[in-house]
Amino acid sequence: MKLNIAFPEAGTMKTYELDDDKAVQRLVDKRVSQEFDGDILGEKYEGYVFAITGGSDKQGFPMKQGVLMNSRVKLLLDRGAIGYQAWRGRQGERNRKSVRGCIIGSDISVLNLIIRKKGKEELEGVTDTQVPRRLGPKRASHIKKLFDLGAEDDVRKYVIRREVKGHSKAPKIQRLVTPVTRQRRRRRKALMKSRRDGTKEAREAYYIAVQRRQQIASLRKKARESRVLAVAQKKALKANK
């Protein structure tokens with residue numbers, strides 16, 4: 001069995017070959033995201049604590065979290081999910097693909113591990129080296145957090161640049177708040193306020209017009225009723241004469 005051991009703190013990863021059958025047998029029935037002591041893998045890993053992040057069987061089918069089996073199953077997957085590459089199929093299309101369960105079986109050939117706790121001995125190429133980050137943060141809040149900047153500091157002066165073929169490159173800062181951004185925000189708020197006020201005035205004018213029409217209609221109705229009553233009274237007087 002091959003072990004892909006990664007150390008996120010140093011940004012390193014290396015593949016080790018595990019030839020001890022007893023150690024491989026001790027890994028059986030463990031699940032993805034489960035932590036275990038490195039002592040079960042041998043003296044070399046004494047004191048380490050590993051977490052399982054995934055793996056694949058001898059045919060290359062990946063392990064999928066949430067499938068509580070130690071065998072292979074066929075599931076209906078979306079593009080980009082584990083076992084279904086994003087460039088295959090069309091947008092919104094789902095397909096039935098074979099994946100491994102999240103429980104380790106005897107036919108697992110590659111296991112992905114990350115180091116949760118460092119042990120006594122150094123692992124060559126993993127814990128004894130440090131790989132610097134090639135790219136710096138892009139988001140303005142992350143740059144502020146990295147350099148401990150305040151609200152008055154200019155984030156654009158702290159972007160990490162890198163040299164490429166004789167010139168330097170810098171990423172475009174995401175979510176950067178500039179005076180132009182604040183001006184657009186104020187303009188947008190003022191526009192929304194003016195629209196809201198205009199809608200309110202139009203609503204009030206409409207209700208006033210409706211009320212006036214109702215008053216006119218009621219006055220006309222009363223006048224019509226009074227005219228009808230007057231005509232009826234005249235007819236009654238003529239009949240009495």
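Guide: Let us start with the second largest pocket of this predicted model, whose volume is about 160 Å³, a volume being the space filled by probe spheres set on grid points that are joined across faces, edges and corners. As for the ground rules, residues are numbered from 1 along each chain as its sequence is written. Local features need pLDDT of at least 70 and side-chain atom pairs count only at pLDDT 80 or more, while totals for chains, interfaces and linings use all residues, and side-chain values use heavy atoms, with hydrogens and water left out.

Visitor: What makes a residue part of the lining of the second largest pocket, and which residues line it?

Guide: A pocket is an open set of points on a 1 Å grid over the protein atoms alone, where a 1.4 Å probe fits and where there is protein on both sides within 12 Å along at least five of seven lines; a lining residue has an atom within 4 Å of a point. The residues that line the second largest pocket are Arg 134, Leu 135, Gly 136, Lys 138, Ile 160, Arg 161, Arg 162, Lys 169, Ala 170 and Pro 171. By class, this lining has four nonpolar, one polar and five charged residues, where Ala, Val, Leu, Ile, Met, Phe, Trp, Tyr, Cys and Pro count as nonpolar, Asp, Glu, Lys and Arg as charged, and the others, Gly among them, as polar.

Visitor: Where is Ile 160, and how do you know whether Ile 160 is buried, partly exposed or exposed?

Guide: Ile 160 is found in the loop between α2 (140-147) and β8 (162-164); helices (H or I, at least four residues) and strands (E, at least two) are DSSP runs, numbered from the N terminus. Buried means under 20% relative accessible area and exposed over 50%, with partly exposed in between (1.4 Å probe, protein chains only). Ile 160 has a relative accessible area of 38%, so it is partly exposed.

Visitor: What can you say about the largest pocket?

Guide: The largest pocket has a volume of about 210 Å³. There are 13 residues in its lining, and the closest to its centre are Asp 153, Val 155, Leu 176, Val 177 and Arg 182. The elements that give two or more residues to this lining are α2 and α3 (179-240). By class, the lining holds six nonpolar, one polar and six charged residues.

Visitor: Why is the contact between Glu 35 and Arg 116 called a salt bridge?

Guide: A salt bridge needs a side-chain nitrogen of Lys or Arg within 4 Å of a carboxyl oxygen of Asp or Glu. Glu 35 and Arg 116 have a distance of 3.4 Å from N to O, which means that the pair meets this rule. Glu 35 lies in strand β3 (residues 35-37) and Arg 116 in strand β7 (residues 108-117), so the pair ties together parts that are 81 residues apart in sequence. Counted by the same rule, the salt bridges come to seven.

Visitor: What makes Asp 57 and Arg 72 a salt bridge, and why is Asp 57 called buried?

Guide: The closest N and O atoms of Asp 57 and Arg 72 are 3.1 Å apart, within the 4 Å limit, and so the pair qualifies. Asp 57 lies in strand β4 (residues 49-57) and Arg 72 in strand β5 (residues 72-78), so this pair ties together parts that are 15 residues apart in sequence. Asp 57 has a relative accessible area of 2%, which is under 20%, and is therefore buried, whereas Arg 72, at 37%, is partly exposed. A further salt bridge joins Glu 122 and Lys 118, again with the closest N and O atoms 3.1 Å apart. Glu 122 is partly exposed at 45%, and Lys 118 is partly exposed at 37%.

Visitor: Why is the phi of Ser 33 worth a remark?

Guide: Most residues other than glycine have a negative phi. The phi of Ser 33 is near 75 degrees, a positive value in a residue other than glycine. Ser 33 lies in the loop between α1 (21-27) and β3, and its relative accessibility of 51% is over 50%, so Ser 33 counts as exposed. Arg 175 also has a positive phi, near 60 degrees; it is found in the loop between β9 (167-169) and α3, and at 63% it counts as exposed.
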